[in-house]
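Colleague: Could you show me how to read a ligand site in a model? Keep it brief.

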Amino acid sequence: MEIIQSSKDGMEIGRSSSYGRGLLGMLLSETQKKREGFSYSLDLVMDECKTFFFAGHETSALLLTWTVMLLATNPSWQERARAEVAQVCGDDLPSPEHLPKLTLLNMIINESLRLYPPATLLPRIAFEDIKLGELHIPKGVSMWIPVLAIHHDEAIWGKDVHEFNPERFAGRSCVHARQHFLPFASGPRNCVGQAYAMMEAKIILAMLLSSFSFTISKNYRHAPVNVLTLKPKYGVPVYLRPLKHQT
Ligand code: HEM
């Protein structure tokens with residue numbers, strides 16, 4: 001509330017000429033627009049902020065946590081990803097031009113999202129009678145789409161379903177990726193932050209890989225718990241070893 005108020009005050013006393021181009025600025029400028037039958041109140045702005053925080057913070061942190069665990073326990077993939085980062089970025093920080101070229105890293109992130117989707121269930125309610133394939137779903141029925149179960153279905157992904165195999169996302173080889181890979185949901189209400197989350201994960205992992213090698217701690221206990229999101233019950237302790245001497 002304090003941040004919102006200081007942004008509004010800045011405009012009102014003429015210190016700034018707009019609310020700015022950030023997400024909060026864009027939401028606040030909506031409160032100034034007059035529309036028929038709908039006004040964007042400050043309460044709605046606060047609700048949107050909470051949604052973005054809830055939807056974007058823990059999910060992204062969990063993606064990074066599980067991916068670091070997978071890289072720490074699969075040293076050959078860690079090496080391959082590091083070599084790709086070195087080849088694409090050299091000594092530079094990852095830039096927007098580099099990101100699409102980090103294809104191995106993309107495969108690794110996708111495989112991490114398949115094995116450990118941060119959002120494990122998608123709740124839906126039928127607002128009208130619908131027919132879904134052979135299923136008749138009456139109005140009012142509440143459904144849960146079990147993302148975690150779909151991502152771990154041997155009939156879809158094959159015998160190595162529980163193994164870490166980023167190769168399944170290579171090129172166009174993953175025929176199921178479009179239908180059965182749902183870490184960001186699908187359709188008109190899918191994740192609005194998907195592209196941002198993938199970009200953020202790639203940048204952070206590329207920077208981590210180029211600065212440190214990491215191994216899993218002996219204290220690590222593999223205990224994913226599924227409470228709305230998929231969390232490691234005892235955390236993911238890793239050892240980081242710097243790769244270059246810092247000056
Ligand atoms: C790895 C990171 C992320 C994952 C796995 C993820 C996953 C999801 C999923 C599965 C949904 C759909 C929920 C449903 O339909 O029931 C969703 C919706 C949403 N996500 Fe994300 N998300 C991530 C990151 C982000 C980020 C970084 C932001 C914001 C910057 C964000 C903002 C949102 C919002 C606002 C919605 C609601 C969209 C709507 O209802 O129209 N998410 N996310």
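Modeller: The model is predicted, local features need pLDDT of at least 70, side-chain atom pairs count only at pLDDT 80 or more, and totals for chains, interfaces and linings use all residues. Residues are numbered from 1 along each chain as its sequence is written, and side-chain values use heavy atoms, with hydrogens and water left out.

Colleague: How many residues surround the ligand?

Modeller: A residue is near a molecule if one of its heavy atoms lies within 4 Å of it. Here there are 21, and the closest include Gly56 and Cys191. α3 gives the most, six residues.

Colleague: Which space does the ligand take?

Modeller: Rolling a probe the size of a water molecule over the atoms shows where empty space is left. On a 1 Å grid over the protein atoms alone, a pocket is an open set of points where a 1.4 Å probe fits, with protein on both sides within 12 Å along at least five of seven lines; lining residues have an atom within 4 Å of a point. A molecule sits in a pocket if more than half of its atoms lie within 2 Å of its grid points. This ligand takes the largest pocket. That pocket is lined by 38 residues, and α3 supplies the largest share, 13 residues.

Methods
Helix = DSSP H or I, 4+ residues; strand = E, 2+ residues; numbered from the N terminus.
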